[in-house]
Amino acid sequence: MMDDHFRLFADAIRARLQRATQFTRDQVSVVRAARGNDAGVVGAAAVAFQHVESL
Amino acid sequence: MLRMNTSAQAVGIDIGGSKMAIAVVNTAGDILARTTLATEAGLGFGRAIDRLSGVIEELRAHTNSSSPLAGVGIGCAGPVDPIRGLINNPYTLEGWNRCDIVTPLRERFGVPVHLENDADAAAVGECFSGAGRCFDPVVMLTSGTGGGGAVVVNGRVYRGMNGEHPELGHIPVAMDGPLCYCGIRGCLESLASGTAIGAAGKGLGLADARAVFSSVASGNIAAQSILECALGAVASAGWTLCHTISPQRLILGGAA
């Protein structure tokens, strides 16, 4: 997602959430994905790791 | 369950309609080796398995292949059946219906193999080593050709019955909106996806969603109206998700 587009979408959500009275709106953050096009392969690998017992 | 050590590697595969990305990833989420293949789904599922297998071996050879391979994970454009390991998507992957991708890769590499919907895999990736790391629960919305997303709770994809994932792209946001293939009018995808924005833009003589965004930037009022409709849809979806899931983070991703 490009910077400008993210800002538009995120600002729209943030503005709407400012009206909310029934949940802790200040504790939800609306952020841009950090891994970009890599998220899919990294996430697929992470799914494989998830099925392995932790250290 | 297997026991993993910190030098372990896993192979991640991201299958889309036009290309397949394959990477060897370590436990920190670093990509150690990667490549991309044209999907060429119409040339046969068996051929794709052979090509993927060959590439996995090449990539492992480029990394420290003495590191144990923990497993192989696959994110694929849905519908998929993650429980049975079946790709059921002849819509964007020609001929790939009831195709078992797990068994042949498991037999070839001797490690566990798991299949996920691609949006779910992307959300897990963000939670593993991206914007969702150390946050819980996390909702991710993606906007590209289509629209969708995933819910991750305790690091795991939230699933409904039969292992199905929530179809966040089809949350209703405007009951008088365009009719969607999902069965209702005015779902998020029908108003805020790249396809939807582009389709609305065609009425103004604009080629696609990017052209709509460009026209807005140059002051086109009609294009601005299309964009505002999309933004309203996303805001409504965000509102609904925050009130139903109470996420600590709402991540926006995709190619829009």
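**View 1. Helices H5 and H7 of chain B pack against each other.** In this predicted model, helix H5(B) (residues 194-202) and helix H7(B) (residues 221-245) pack at an angle of about 155°, and their axes lie 10 Å apart. Axes are lines fitted to C-alpha atoms, for helices over the stretch in contact, and angles run from 0 to 180 degrees between N-to-C directions. Helices (H or I, at least four residues) and strands (E, at least two) are DSSP runs, numbered from the N terminus. H5(B) and H7(B) are therefore roughly antiparallel to each other. Angles over 145 degrees count as roughly antiparallel, under 35 as roughly parallel, 65 to 115 as roughly perpendicular and the rest as oblique. B:Ile197, B:Ala200 and B:Gly201 of H5(B) meet B:Ala223, B:Ile226 and B:Ala230 of H7(B). The residues of this contact divide into 5 nonpolar, 1 polar and no charged. Here Ala, Val, Leu, Ile, Met, Phe, Trp, Tyr, Cys and Pro count as nonpolar, Asp, Glu, Lys and Arg as charged, and the others, Gly among them, as polar.

Residues are numbered from 1 along each chain as its sequence is written, while chains are lettered from A and ligands numbered from 1 in the order in which they are written. Because the model is predicted, local features need pLDDT of at least 70 and side-chain atom pairs count only at pLDDT 80 or more, whereas totals for chains, interfaces and linings use all residues.

**View 2. Chain B touches chain A.** On chain B, 59 residues are in contact with 40 residues of chain A. Two residues are in contact if their C-beta atoms, placed from the backbone, lie within 7 Å. Helix H3(B) (residues 118-129) gives the largest share of the chain B side, 9 residues. That side divides into 33 nonpolar, 18 polar and 8 charged residues.

**View 3. A strand of chain A pairs with a strand of chain B.** Strand S1 (residues 29-32) of chain A and strand S13 (residues 249-254) of chain B run parallel, joined by 4 bridges. Two strands pair if DSSP finds at least two bridges between them. A:Val31 stands opposite B:Ile251 in S13(B).

**View 4. Strand S3 of chain B has antiparallel partners.** S3(B) (residues 19-26) has 7 of its 8 residues buried, so it is largely enclosed by the rest of the structure. A residue is buried if 20 or more other C-beta atoms lie within 10 Å of its own, exposed if 12 or fewer, and partly exposed in between; C-beta atoms are placed from the backbone. Strand S2(B) (residues 9-15) runs antiparallel to S3(B), with 7 bridges. A hairpin through 3 residues joins them. B:Gly12 stands opposite B:Ala23. Strand S4(B) (residues 31-38) is also antiparallel to S3(B), again with 7 bridges. B:Val25 has B:Ile31 as its bridge partner in S4(B). In this hairpin, with 4 residues between the strands, B:Gly29 takes a positive phi near 90°.

**View 5. Five strands of chain B form an open sheet.** The order is S4-S3-S2-S5-S9, and the pairing is mixed. S4 and S9 (113-117) are the edge strands, each pairing on one side only. Neighbouring strands are turned by 15° against each other on average, direction ignored. Helix H2(B) (residues 102-109) packs on the sheet and touches S5 (69-76) and S9. The direction of H2(B) makes about 150° with that of S9(B).
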